[in-house]
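Please have the structure open as you read.

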Amino acid sequence: MTETAPAAVPQATAAATFATHSPATGERLAEYPVHGPEDVARAVARARTTQAGWAALPASRRRDLLLRWKKALAENLDRVARTIAEETGKPAGDAALEVVLTLEHLAWAARNAERVLGRRRVRTGLFTVHQRASLVHRPLGVVGVIGPWNYPLYTPMGSIGYALAAGNAVVFKPSELTPGTGVLLAELFDSAAPEYAGLLATVTGAAATGGALARSGVDKVAFTGSPGTARKVMAVCAETLTPFLAECGGKDAVIVTADADLDGAADAIVWGALSNAGQTCAGVERVYAVREVHEDLCARVVEKARALRTGADAKAVYGPMTLSGQVEVVERHVTGALAAGGRALLGGPESVRAPYVAPVVLTGVPEDAAAMREETFGPVVAVNAVAGVDEAVERANASRYALGAAVFCGSRRTGAAIAARLHAGAVSVNSVLGFAAVPALPFGGSRDSGFGRIHGAEGLRAFTSVQSLTVQRFAPAIALTSFAVPAATRERAVRLARALHRRR
């Protein structure tokens, strides 16, 4: 049944609209306006006006309003989860878990912003003892957020919630596959904080709307999506030197040592690779197991994956591919891996039955195959054997992606030491994606996984500008920043400094 989008979406100047459809059934869900540059500009202008009052509030008041919004999200959890499930096709339980994780992060950002961003005194030096120095984190103004479709609430809220907590306004452009989630998010904010309606605005549309947002004069753009699209948006931002934060997915690796708990590792690998139909930026795509345990691990992974069921019914553990074009990528990677000499321990090309893909477990896949180099973003995992940990680390780090990783090891200390050798921005030891549920930990990567961090203190600071402040407490004995200082006095100061810094 087609519905009209709620009023939280700004009225578009053009008559163009687009419809969303269920990935599972193709059923038409709702219709939304295509917002053009003028619509986006109006949303940004309104947000900027509202932000001035928001930034002027005491941090404690912003905290209270954000916690009120969190409460509204919690009270509407079923409604929000239902919207996510309808738009993405993921099971209702997975959608509800996404909302719960979002609530955890929003609560942390709201409660910790004042502590993290409050004025901080810093020490001065020998020649500046007459100054009082401090750092001030100031909100940027209006932040543009361009969100993904795979986790349409949790992922963009890593930017939205933290940007708001830091005193900014936000204009959010959700994926054209999941606009309803973004619209509902802004609607619930307006209901929770009506005096600041418009501080969080949602604009809808496809790539052109995202481009308009990047060109709209926002003070920073936070983007989640593919590396290719990130480069295009970053190029637009470069025209005006607009700061840019990018999270661009991954090809995450898991290392399994000889003394690892294989049942625990297999269970985590299967969940990390197959949950959300494998459509997780930090999901498991590559596994490197030392040769002594490789065969045993593969058998356990296959056993656990074979027991899973995909589909639209209540017993399915994951649903359809949300983006129809991704089915072709999955099929190409699986077919290419087998053609290159890999073996399918479970499933194969026959597992691809659009819009669903049954679990696929591969082994012996050459490292130069697309299934090992490119982001598959589907329910496929390759489990390769390695001679030892050194080779596992080398292969894990050889990827052009560097987002997340995991290590399974009998010794937590050894596991942490292996993790320290990995180039990934976040690593879990004896679990997968453990970092995603810890709000205080920053999240982000490098290389083709993007740059910048969301979540945690770094995530709050990412949406501020730092102002350095000095206040002169008294007149200095030697005013080195004055032309009135005699040359002899300046020379004595230089000699004193040289003598002091010669000391170790």
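The paragraphs below start with the helix pair and then turn to a histidine and a lysine.

This is a predicted model, in which local features need pLDDT of at least 70, side-chain atom pairs count only at pLDDT 80 or more, and totals for chains, interfaces and linings use all residues. Residues are numbered from 1 along each chain as its sequence is written, and side-chain values use heavy atoms, leaving out hydrogens and water.

Begin with helix α9 (residues 262-274) and helix α10 (residues 291-306), whose axes lie 9 Å apart at an angle of about 50 degrees. That angle makes α9 oblique to α10; angles under 35 degrees count as roughly parallel, over 145 as roughly antiparallel, 65 to 115 as roughly perpendicular and the rest as oblique. In contact here (heavy atoms within 4.5 Å) are residues including Leu-262 and Ile-269 of α9 and Leu-297 and Val-301 of α10. By class, the α9–α10 contact has 10 nonpolar, no polar and 5 charged residues.

Stay in α10 to find His-294. His-294 counts as buried because its relative accessibility is 12%, the cut-off for buried being under 20% relative accessible area with a 1.4 Å probe, protein chains only. Its side chain reaches the backbone oxygen of Val-383 at 2.9 Å.

Now move to Lys-251, in the loop between β10 (244-247) and β11 (252-256). Is Lys-251 buried or exposed? Lys-251 is buried, with a relative accessible area of 2%. Beyond residues up to four places away in sequence, Lys-251 touches several others, among them Arg-286, Met-372 and Tyr-401.

How values were computed: Axes fitted to C-alpha atoms, helices over the stretch in contact; angles between N-to-C directions. Helix = DSSP H or I, 4+ residues; strand = E, 2+ residues; numbered from the N terminus. Nonpolar A, V, L, I, M, F, W, Y, C, P; charged D, E, K, R; others polar. Buried < 20%, exposed > 50% of the residue type's maximum accessible area, 1.4 Å probe, protein only. Polar contact = N/O pair within 3.5 Å; in protein donor to acceptor, adjacent residues only side chain to side chain.
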